[in-house]
Amino acid sequence: MKKKIKIISIYTILFICISLVVFSPFLLNGRSFIWEVDGFQQHFIVFSDFSRILKEILKDPFHIQQFSWNIGLGSDILGQYSYYIVGDIFSYLSAFCPENMLAYLYTFLIVFRFYCSGLAFMAFSFYKKHTNFQTLIGALIYAFCAFNLVGCIKHPYFANALIFFPLFLLATERFVRDNKKGMFIIISALCMISNFYFCYMITLAGFGYAFIIYIFDYRHEKITWLFKKIGVAIGCYGLAFLMSAVIMIPGIIAFLTSSRLGVESISIYPLNYYRSILTGLISTDQSFWSILGVSSIIVATLPILLKRRKEEPKLFVIFCILTIMLVIPIFGSVMNGLSYPNNRWSFIYSFLLAYIISHFLNSKLEFTSKELICSTLFSIIYFIIILVIEKFYVIDYIISFLVIFIFLGYLWYIHYKKQVKSYINMILILSLIIFNVTGVGYQLYSSQFSRYANNFLKYSEISKKYDTVNGSMKNYKDAIQYIKANDSTFYRITREPNWTQNLSVRLDYKSMSSYLSLVSGYASTLSYDIGNSQYTTSNTTKEFDDRTKVTTLLSTKYSIVPKNKSAYVPYGYELLKTIGDTSIYINQHALLPVTFYNDVISLDEFEKLDPLEKEDSLIKQAAIKNADGYPKANISSPSKEEYTIISSDNITLNSNRFVVKKKDSKLRIRISDVTGKEIYIKVSNLNFKPENKKQSFDSSISLVSNKTSKTFKIEDKKTSPYYISWNDIFWNIGNSSEDNQMIELVFKKPGIYSFDNFECLTTDMKEYEANIANLKMSSPSDLTFGDNSMKMSINATKDGIIQLATNYSKGWKAYVDGQSVDTFVVNKAFVGIKINKGFHHIEFKYERSFQNLSLVMTGFGVIGFIILILVEKKIKI
């Protein structure tokens, strides 16, 4: 034990020293570890909000907020945050951290997770009876692997997977070999609580590892032994699930109703992916989340594994299996929850590579001549391949190759010298590995090389960027505070530009947008169906492209835009107040979040409508599965407007194709007779073929009109981050107060932009005003709301449908005159109930699905675990 404590102490000292050098570009420039994209818009906002929730719980432990209106259209807090932070034990320290110090704690905890991943490696290595030296070098390599340095610094909670994976393997080994169940249950439960997404990957890998142990070490046991082990393992894993149910179940429910399910896949990776695997083995290169980089000594070590495959069959087979999984997309899909191919499981590969290096590098460094020849030849060939791939520009790989060839040179030296003392071997190898991981890490972050650190925010600018929407409106926070101080009713706020997401969580107001991993699939479906051009897989609504009808239906009352940018404001808004450079507009037709419909349309009929007809239907009638017995409203179709091409610089229109000769070429068109109308540009099945085959197949088209600008990115399965084709443009240009509307399309890249149809469509906004007036006539009264409830009264002149404008969830319960009634999905996205003619008191109340059941399950799980531990020593199970 003393020796273990000593080596852990040495590891700790070395980790601190390496960290000071690797992360010096952050330290010297006052930069945090808050990545300017997801770190800024997701992780730190969630971290800060979680800190607020914990502090409120400490003040009042009997009131725990379940639901938040500030997360998109309203979401279950535990369901959304369980993916990120609820199971992250480190983040609970935020409960005791002042708000102005949270960014520093956030940064420190990322480094601390890296440190703990190395400790987890050491725990597994100790069990495998590696020497202290082998354990030390493996831990350093694993702690500073590229997955941590590139991926987990951006997505901090991913680092927990690197901690739990070695511990899960250790628990699996102890379960199979020593029949120890306690650690297996505890680690499984903690893994489930931490993040069910990574738990899924770790479970597949862990059980696969157990099967390999059986094949190589226990295949001669009776078949009854195997089935008994499988049965007990399932029982232990089930007990772990029970223990974690109170957190695990809400996360699973959120995942099963999210927009991440059902996206497309690919059959083969692009060629560039395989290139990144080769270069990424010794660097921080990556593609499709295959972040593999460890010490470059792995290049000289893999041939030794090949030569010793008979002595190390388990290690060799595992390496072959994981390598095959890396190169075939179907495995990426399986490991990503049967979704699009994504190799976030590659941290498992990094662990394997770190283990291989530490396994073969003992203090004696004894290798045969044939092994050294193979290692040398393989390293030379690998070096040549990288030279060719990178066209002889290898400055990013100098440190890695220097380490490889110094390492090989030293191996040849001691191979013939024969009398080098072990401590010299250890000092040299340890020095090489420290130099390697430190150099590659520093090179990644340094402003003299890759400048990766420049993608992270300085501490001094974090709050300012939130308060000013990344600098676009200096008085944005002031505008929010003004609205909140003067309006206590329920309303949502929209804004343009919408570059920074989840600000409603940060600044405590209600909006429509939510940029989180498990956004509701219901709102996603509706957003896609009405052709929302702002739709993405992880942010399916944004501001609904500022479309007047749907945003008004969702109780949007205020629009905040930069001063003199009124063109971004939807129809029917008037200027309320200007604060500095920020203007607040108020919707003259704003609706309550609860709508009563007399008219109803069946979902089958609703699906047959085109996008603008569906949006028109939303403000006239409810779309439900069975509309029998209800009247149906008439739907207004959009008008197709003629347009005139004014100019087309370097663009030729040829048979449904725009042939663009130069980048940023502009096409100007004019639409006439559009006063009082909302205007749309519709382009169907848009595809891009670059002018040069060597160019990427992604491009974009920007639309400029009324001093506004919007950009549409053309994506296919290979260029989309979610591997989906997105080829239809449905742009909302806004409403026009003039008879003629000028529109400019800017094509980013030269090439051929082919399409099926290019149309200009309009909708009559006078009819919109009449439809909203009809909805207001039957609006509920006396509406009050709380964190997870809404109450109102209504005098219904006919039988009809009540719609609550929030994402549908079985957690929403409805009561009419004190009696529970069934809820259902209305308009494909929202909570609906049926009511009869007459005066009614209505209450909607959110109660997390399976909450009581999950609490009982966790209670039984904990009791069952305690009983198991108490009797395990007396009874063989």
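The legends below describe close-up views of a predicted model.

Local features are given at pLDDT of at least 70 and side-chain atom pairs at pLDDT 80 or more, while totals for chains, interfaces and linings use all residues. Residues are numbered from 1 along each chain as its sequence is written, and side-chain values use heavy atoms, with hydrogens and water left out.

**View A. Packing of helix α8 on helix α16.** Helix α8 covers residues 159-178 and helix α16 covers residues 346-360; helices (H or I, at least four residues) and strands (E, at least two) are DSSP runs, numbered from the N terminus. The two helices pack at an angle of about 60°, with their axes 10 Å apart. Axes are lines fitted to C-alpha atoms, for helices over the stretch in contact, and angles run from 0 to 180 degrees between N-to-C directions. α8 and α16 are therefore oblique to each other (angles under 35 degrees count as roughly parallel, over 145 as roughly antiparallel, 65 to 115 as roughly perpendicular and the rest as oblique). Their crossing is right-handed, the term for a near helix turned clockwise from the far one by less than a right angle, with left-handed used for anticlockwise. From α8, the contact (heavy atoms within 4.5 Å) is made by Ala 161, Leu 162, Phe 165, Pro 166 and Leu 169. From α16, Phe 347, Ile 348 and Phe 351 take part. The residues of this contact comprise 8 nonpolar, no polar and no charged. Here Ala, Val, Leu, Ile, Met, Phe, Trp, Tyr, Cys and Pro count as nonpolar, Asp, Glu, Lys and Arg as charged, and the others, Gly among them, as polar.

**View B. Packing of helix α13 on helix α17.** The axes of α13 (residues 297-307) and α17 (residues 369-389) cross at roughly 135° and come within 8 Å. That angle makes α13 oblique to α17. The crossing of α13 and α17 is right-handed. On the α13 side, the residues are Val 299, Ala 300, Pro 303, Ile 304 and Lys 307. They meet Lys 370, Glu 371, Cys 374, Ser 375, Phe 378, Ser 379 and Tyr 382 in α17. This contact divides into 7 nonpolar, 2 polar and 3 charged residues.

View C. With 26 residues (102-127) at 1.5 Å a residue, α5 should span 38 Å, and its end C-alpha atoms are 37 Å apart, which agrees; the expected span is 1.5 Å times one less than the number of residues. α5 is mostly covered, with 20 of its 26 residues buried (under 20% relative accessible area; exposed is over 50% and partly exposed in between, with a 1.4 Å probe and protein chains only). Val 111 lies in this helix and is buried, at a relative accessible area of 18%. Neighbours within four places in sequence aside, Val 111 is in contact with Phe 15, Ser 19, Phe 23 and Phe 33. Leu 136 is 25 residues from Val 111 along the chain, and their C-alpha atoms are separated by 18 Å. Lys 129, which follows α5, has a positive phi near 60°.

**View D. Surroundings of His 155.** His 155 is found in the loop between α7 (146-152) and α8. This histidine is buried, with a relative accessible area of 7%. Apart from neighbours within four places in sequence, the contacts of His 155 are Trp 35, Asp 38, His 43 and Trp 289.

**View E. Thr 595 in strand β9.** Strand β9 runs over residues 594-597 and contains Thr 595. Thr 595 is buried, at 3% relative accessible area. Not counting residues up to four places away in sequence, Thr 595 touches Leu 553, Leu 775, Ile 801, Ile 802 and Gln 803. Between Thr 595 and Tyr 81 there are 514 residues in sequence and 29 Å in space, C-alpha to C-alpha.

View F. Most residues other than glycine have a negative phi, and most peptide bonds are trans. Val 469 has a positive phi near 50° and lies in the loop between α20 (462-467) and α21 (476-486). Val 469 is buried, with a relative accessible area of 0%. Asn 650 also has a positive phi, of about 60°, and lies in the loop between β13 (643-648) and β14 (651-653). At 36% relative accessibility, Asn 650 counts as partly exposed. Glu 496 and Pro 497 are joined by a cis peptide bond, with omega about 0°. Pro 497 is in the loop between β5 (492-495) and α22 (503-507).
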